[in-house]
Amino acid sequence: MSVPLLKIGVVLSTMAMITNWMSQTLPSLVGLNTTKLTAAQGGYPDRSIGVLPANPEESWQVYSSAQDSEGRCVCTVVAPQQTMCSRDARTKQLRQLLEKVQNMTQSIQVLDQRTQRDLQYVVKMEDQLRGLETKFKQVEENHKQNIAKQYKAIKAKMAELRPLIPVLEEYKADARLVQQFKEEVQNLTSSLSLLQQEMGAYDYDDLHSRVVNLEERLRACMQKLACGKLTGISDAITIKTSGSRFGSWMTDPLAPEGDTRVWYMDGYHNNRFVREYKSMADFMASDNFTSHRLPHPWSGTGQVVYNGSIYFNKFQSNMIIKFDFKTSTISKSQRLDNAGYSNTYHYAWGGHSDIDLMVDESGLWAVYATNQNAGNIVISKLHPMTLLILQSWTTNHPRRSAGESFMICGTLYVTNGYSGGTKVYYAYQTNSSTYEYIDIVLQNKYSHISMLDYNPRDRALYAWNNGHQVLYNVTLFHVIRSEQL
């Protein structure tokens, strides 16, 4: 605050100098610069003063008397001789003086404005400094609490990042493996070029063996790239708007190349008609379909089409049925022992969704709950031909608290709800029988998800979202284990 106050001092000092200059200079400009004290008439030397100019003809003559007979002060002024030249010179001097005074007046006004502005700035800065002082006191008072909160947050963040360290180590090993592949391909290319130039056959068998070995390793590497850890889900892509609030739709991940038929099932109970659309484009553009009548109504929205057959849960039972579309017959049925049904252990949205069938890169799965596992989720790997359970995993996640779930590469991913803001927040890895909490946003575009399944061929999630059929692309983090190649 010292700088604005210094400015005010400079302004006041400048104004004092201007006043002093005017008091000394103004008389000289009008001819009153020469003073001489003389005795006056009447014998009063101390009361009568004569101010005599040096040149009486060119200057003003002022005679003053202390008082008249009545005691009043009398002052007599004799004007200089009025010549044209002297009058012009004095007029010019007066004009110049007036201009200087006007200039000084303007300067003083500018300085006054600046002073007022600086004063306002000082007041404002004073308020800000007081506010900062108050904030500093608050920070000082809460310093220990803030440090504790920051430390806790950093500790939690480190706990989240710690599991990524071995993943990054594996990723570095994978990068070295890919670089090794690249170098071997370059060496083989060079060897083939030399062999072609020399036209010699003595290295052919060894070179062919190296090519075959590299091809097998690359094929194994590509197979492992098909799986990975879910790290992201795209925004919803609306394919079509049709049907009721609940339903399911899908394509066959094991369909032959060129077979892009779409299967469509409206509702979650008391229905047994499945629509078949010739292609995705046909499904999007028209309502031309073939209808298949199932022998029993289905329950929930957890159906799946796999290798030409549809697998579904028979209504009001824990029976799994495999129906072959080619023969229009049931090729296999099997009870899922101890599995709850008829809205006993459903998803959070209800709808008889007790048993959810799904597929991933490794095969057919069933997700449900049992009394023996206290209503928590059970994951079972099913044989696609016999429907027998090959292996089961029990989790600690309540089935009724899950919005939906899907399998990717042997990992079950669970959403935190079905309406409003939705995210994938729980993952159970069957290969290690471990789980973790994650945070992956799932755009719930139409506010109610009643079906969510993964298709390993399309590398996409199929969803039924409040009468809209939508798709989500997924991002997987691939880890190639070099010791398995």
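C227 counts as partly exposed, because its relative accessibility is 28% (buried is under 20%, exposed over 50%, partly exposed in between, with a 1.4 Å probe and protein chains only). The model is predicted: local features need pLDDT of at least 70, side-chain atom pairs count only at pLDDT 80 or more, and totals for chains, interfaces and linings use all residues. Residues are numbered from 1 along each chain as its sequence is written, and side-chain values use heavy atoms, with hydrogens and water left out.

**The disulfide**

- A search of the whole structure finds one disulfide, meaning a pair of cysteine sulfur atoms within 2.5 Å.
- C227 and C409 form it, with their sulfur atoms 2.4 Å apart.
- The pair links distant parts of the chain, 182 residues apart.
- C227 sits in the loop between α5 (204–225) and β4 (229–233).
- C409 sits in the loop between β18 (405–408) and β19 (411–415).
- Helices (H or I, at least four residues) and strands (E, at least two) are DSSP runs, numbered from the N terminus.
- The link of C227 and C409 is left-handed, with -105° about the S-S bond.

**A four-stranded sheet**

- Four strands form an open, antiparallel sheet in the order β6-β7-β8-β9; two strands pair if DSSP finds at least two bridges between them.
- β6 (247–250) and β9 (290–293) stand at the edges with a single partner strand each, so one side of each has no neighbour in the sheet.
- Neighbouring strands of this sheet are turned by 20° against each other on average, direction ignored; axes are lines fitted to C-alpha atoms, and angles run from 0 to 180 degrees between N-to-C directions.

**Inside the sheet**

- β7 (residues 262–266) and β8 (residues 273–277) pair in the antiparallel sense over three bridges.
- W263 stands opposite E276 in β8.
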